[in-house]
Amino acid sequence: MKRSLVLLAALLLLLTACGSSVSPSPTSGVTQKPTPTVTRTHRARLIIGAPIQDFVSILGEPAKVLSANPNKVYYFQPNPSDENQYHYQVIVGKGKDGEEHISEFFFQLWNGEQKQVDCSSIKADHASPAGKTPDGEIFISPDLNDIFPAGAFVDTNLKPVEPGTFEVISSLAKGDPTHVLGCHVLIGEYILGG
Amino acid sequence: MQRIRMFLFSTALLVSLFGMTAFTGLSVASAHTTQPSHPQVTCSGNGCDGLNPAMTGCSADAYTVQTAVFSDSFVELRYSPTCGTNWGRVTSKVGATFLIISIQRIDGLTYTFSGGNFNYAYVAMVYAPQVAARACGGVNSISGCTAYV
């Protein structure tokens with residue numbers, strides 16, 4: 001009986017020892033596999049707050065650039081049959097990083113193009129709805145708050161609004177208000193009459 | 001005989017009650033279906049030419065059709081589906097200043113507004129549901145125009 005108890009105790013000790021050898025503690029001298037380093041690759045996108053280089057890399061060189069007075073404007077994809085139409089008219093502002101970021105842009109179809117435009121694709125990431133104006137829909141995005149200084153977020157009357165605020169307004173077809181022809185997205189709020 | 005009278009009276013009462021309910025139901029339904037879906041406006045057709053979009057009520061359901069962007073302003077071609085009218089709106093990007101805005105119907109009918117110390121301004125309307133129109137404007141002078149739409 002005594003012998004069996006001793007054997008059992010020895011077996012238990014052996015089992016415990018085996019267990020500890022296969023589960024190294026963080027402080028043990030066992031060499032750990034190197035953890036893969038996560039490198040965030042920047043993916044260019046046509047959204048509010050993006051660096052202007054994103055637009056250039058996707059759309060090509062601008063057809064025209066207006067110097068900053070007070071806003072620098074980039075024009076992309078002109079309509080070959082109408083010099084007054086561009087697919088993209090882009091206004092840039094200085095970000096917290098000192099670089100040019102998209103603070104406002106217009107996308108609109110040329111006359112005769114029949115596609116239906118989806119304005120939700122140009123919103124900043126992590127945007128939450130924050131109300132409506134007569135013209136459009138307001139959102140707040142922490143991402144935009146990280147990109148632009150607080151003073152960049154104003155309404156049409158230059159009154160400050162909550163940092164991170166932006167608005168999306170759809171342009172509609174003249175004969176068919178259900179047909180979205182373009183989008184206007186801007187940081188801040190756009191409050192006008194008329 | 002009294003039973004018959006009672007029966008007739010009850011039937012008449014039921015019919016009249018049912019009729020009232022039906023009428024009330026009908027009037028509620030018709031009230032719902034006749035609610036105006038368009039804003040109240042005080043002009044129509046060519047009678048809107050030269051009139052103020054806000055004062056006539058036409059701007060209540062208006063939207064932007066096309067925009068031209070400049071360094072210090074942008075110009076929008078506005079449209080009212082209720083009135084079938086276009087007009088132009090200019091917005092300053094440099095604070096309150098002198099603004100100029102015009103609407104041009106492709107057949108030549110044109111209206112222009114200019115004035116000082118505004119953040120935005122708009123011009124009178126042209127009736128143009130089927131014909132193209134464009135808006136031109138800017139700060140201090142006309143910077144450019146939208147396309148004809």
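## Where chain A meets chain B

In this predicted model, the contact draws on 24 residues from chain A and 28 residues from chain B. On the chain A side, three strands each put in at least two residues: E3 (82-94), E4 (100-108) and E7 (165-172). Of the elements there, E3(A) gives the most, with five residues.

What classes of residue make up the side of chain A that touches chain B? Sorted by class, that side has 13 polar, nine nonpolar and two charged residues.

Over in chain B, take a look at strand E1 (residues 63-69). Seven of its seven residues are buried, so E1(B) is largely enclosed by the rest of the structure. For this count, a residue is buried if 20 or more other C-beta atoms lie within 10 Å of its own.

E1(B) pairs with strand E2 (residues 73-80) of chain B, antiparallel, over six bridges. Three residues make the hairpin link from E1(B) to E2(B).

## An open sheet in chain B

Chain B also has an open sheet of four strands, in the order E5-E4-E8-E9, with antiparallel pairing. Which strands stand at the edges? Those are E5 (110-118) and E9 (144-145) of chain B; each has a single partner strand, so one side of each is left without a neighbour in the sheet.

At the E9 end, strand E8 (residues 133-139) of chain B and E9(B) run antiparallel and are joined by two bridges. B:Gly137 has B:Gly144 in E9(B) as its bridge partner.

Conventions: Residues are numbered from 1 along each chain as its sequence is written. Chains are lettered from A and ligands numbered from 1 in the order in which they are written. This is a predicted model: local features need pLDDT of at least 70, side-chain atom pairs count only at pLDDT 80 or more; totals for chains, interfaces and linings use all residues. A residue is buried if 20 or more other C-beta atoms lie within 10 Å of its own, exposed if 12 or fewer, and partly exposed in between; C-beta atoms are placed from the backbone. Two strands pair if DSSP finds at least two bridges between them. Two residues are in contact if their C-beta atoms, placed from the backbone, lie within 7 Å. Ala, Val, Leu, Ile, Met, Phe, Trp, Tyr, Cys and Pro count as nonpolar, Asp, Glu, Lys and Arg as charged, and the others, Gly among them, as polar.
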